[in-house]
Amino acid sequence: MDYRHVIREFIRDNLSIEHEGAAFSDDDNYFELRFVNSLFAMKLVQFVEQQFGIVVENDELDLNNFCTVNNLVKFVEAKKAKEAG
Amino acid sequence: MNKQTIKCVVWDLDNTIWDGVLLENSGLKLKPGIEDIIKTLDRRGILQSISSKNDHDAAMAALKSFGLDEYFLYPEINWNAKSYSLAQIQKNLNISMDAILFIDDQEYELQEVKSVHSSVHCMNACEYRSLLDDPRLIPRFITEDSAMRRMLYKTDQLRKQAEAEFNGPSEAFLASLNMRMIIAPADEHDLQRAEELTVRTNQLNATGKAYSYEELDRLRQSEDHQLLITELEDRFGTYGKIGLALVHMNETCWRLKMMLMSCRVVSRGVGTVLLTHIMQEAHRAGKPLLADFRDTGRNRMMNITFRFAGFRDKFTEPDGTMVLEHDLRSIPQFPPYIDVVVQQ
């Protein structure tokens, strides 16, 4: 599955981050670009779990894992690798 | 304390609120005593809505002729399955399904709703006379916030419309609201509302523990505790008292024993404001900050809020309460679109 594409789409749709043609890179911290509320944080975690069939444990609920597209892709890949391993 | 409370009653119309069928033009008459029941529930702070398979405009006109139209929030009057209508109402009010009581005269409709939403409370309309004595519909206090609860939700409805019509990023909309949040030590007259908040709040509630008026009164006056209550307002009016926190100030550390925020303000990005304030104060006092979190099965949003704010596991109490710690090296700023007023 193309994790990156799906994640990018979710972020873009939920944070109206590309309004008026503004772009964001896979290294941009969208928790800093946009003021993000608890509802979005919750939706993001649930989206990742449902979309990729993983369970995010308490010690993995680290903002660093979730704040950029690249970090989130890395996190999901590592999770999936651990599961497969 | 019993947390099984009903926050919203959803009524059918034909042969439930009135005798007769609207579209058959039979002379409609309100069921005896129904007007008093609806008005009494409203005064108690119980929200009410409608799920009826009917013509919307005709039904609203009939309700208006009985002087009852203003009592219902987000009425679902259409030809959809009632399970779908219930889902819409639940989403619009942002309350949980098990806080809804659905009343209909048709067993089929009650079953259909129940088959999709197993946690919804259902009642056959023939039992409506027992409603005012139902303990699930009797709050322990009628607070200022409960008496004006319907108005608070109506104002929210206006905000939602304004938001839907707004073009641009959500921060710009939030900035246009001119929000002001007041953080103050809880007064004696806040205690009923404080107790109510601990019973009614689920999603952004760190421990799910209900506190009684008496406990809160003792903690409020305790030398080594801070009981904080917050109120939010914007250009549409007040949201009421919507947040509560209890800090135990030990010699060696500060410990956040309770922290909650009403579900009505979740989308306003204010959930972290009170937390940020407490982090700033602990930092100023030179104490490490701990926070209690207990998984209630419905408060994961609070868990995520703590952890995304930088809290990490410290230890677990024998009763399963997780105690988290923040190193306070980096404390978030208040969001730029909200004016925070701290009263001493």
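Before anything else, a word on how I name things: helices (H or I, at least four residues) and strands (E, at least two) are DSSP runs, numbered from the N terminus. With that in hand, reading chain A along its sequence gives the pattern α-α-α-α-α. That is 5 helices and 0 strands.

Some housekeeping. This is a predicted model, and local features need pLDDT of at least 70, side-chain atom pairs count only at pLDDT 80 or more, while totals for chains, interfaces and linings use all residues. Residues are numbered from 1 along each chain as its sequence is written, and chains are lettered from A and ligands numbered from 1 in the order in which they are written.

Back to chain A. It has 85 residues, and 28% of them are buried. Buried here means 20 or more other C-beta atoms within 10 Å of the residue's own, exposed means 12 or fewer, and partly exposed is in between, with C-beta atoms placed from the backbone. I'll also talk about contacts: two residues are in contact if their C-beta atoms, again placed from the backbone, lie within 7 Å. In chain A, of the contacts with a separation of 6 or more, 55% are between residues 24 or more positions apart.

Now chain B. Where they touch, 9 residues of domain 1 of chain B contact 9 residues of domain 2 of chain B. On the domain 1 side, that's 4 nonpolar, 3 polar and 2 charged residues. For those classes, Ala, Val, Leu, Ile, Met, Phe, Trp, Tyr, Cys and Pro count as nonpolar, Asp, Glu, Lys and Arg as charged, and the others, Gly among them, as polar.

Next, the sheet. In chain B, 5 strands make an open, parallel sheet in the order 5-4-1-6-7. Strand 5 (76–78) and strand 7 (121–124) of chain B are the edges, each pairing on one side only. To count as a pair, two strands need at least two DSSP bridges between them. Strand 4 (residues 47–53) of chain B has 3 bridges to strand 5 of chain B, and B:Ser51 sits opposite B:Glu76 of strand 5. Helix 3 of chain B lies across strands 1, 4, 5 and 6 of chain B, at about 155° to strand 4. Axes are lines fitted to C-alpha atoms, for helices over the stretch in contact, and angles run from 0 to 180 degrees between N-to-C directions.

Most residues other than glycine have a negative phi. But B:Asn15, in the loop between strand 1 (8–11) and strand 2 (18–19) of chain B, has a positive phi of about 60°. B:Asn94, in the loop between helix 3 (82–93) and strand 6 (100–104) of chain B, has one of about 55°. B:Asn15 counts as partly exposed because it has 15 C-beta neighbours inside 10 Å, and B:Asn94 does so because it has 16.

Last one: how many residues does chain B bring to its contact with chain A? There are 19, meeting 15 residues of chain A. Helix 7 (170–176), helix 10 (271–285) and helix 11 (300–308) of chain B each give two or more, and the largest share, 7 residues, comes from helix 11 of chain B. By class, this side of chain B has 7 nonpolar, 8 polar and 4 charged residues.
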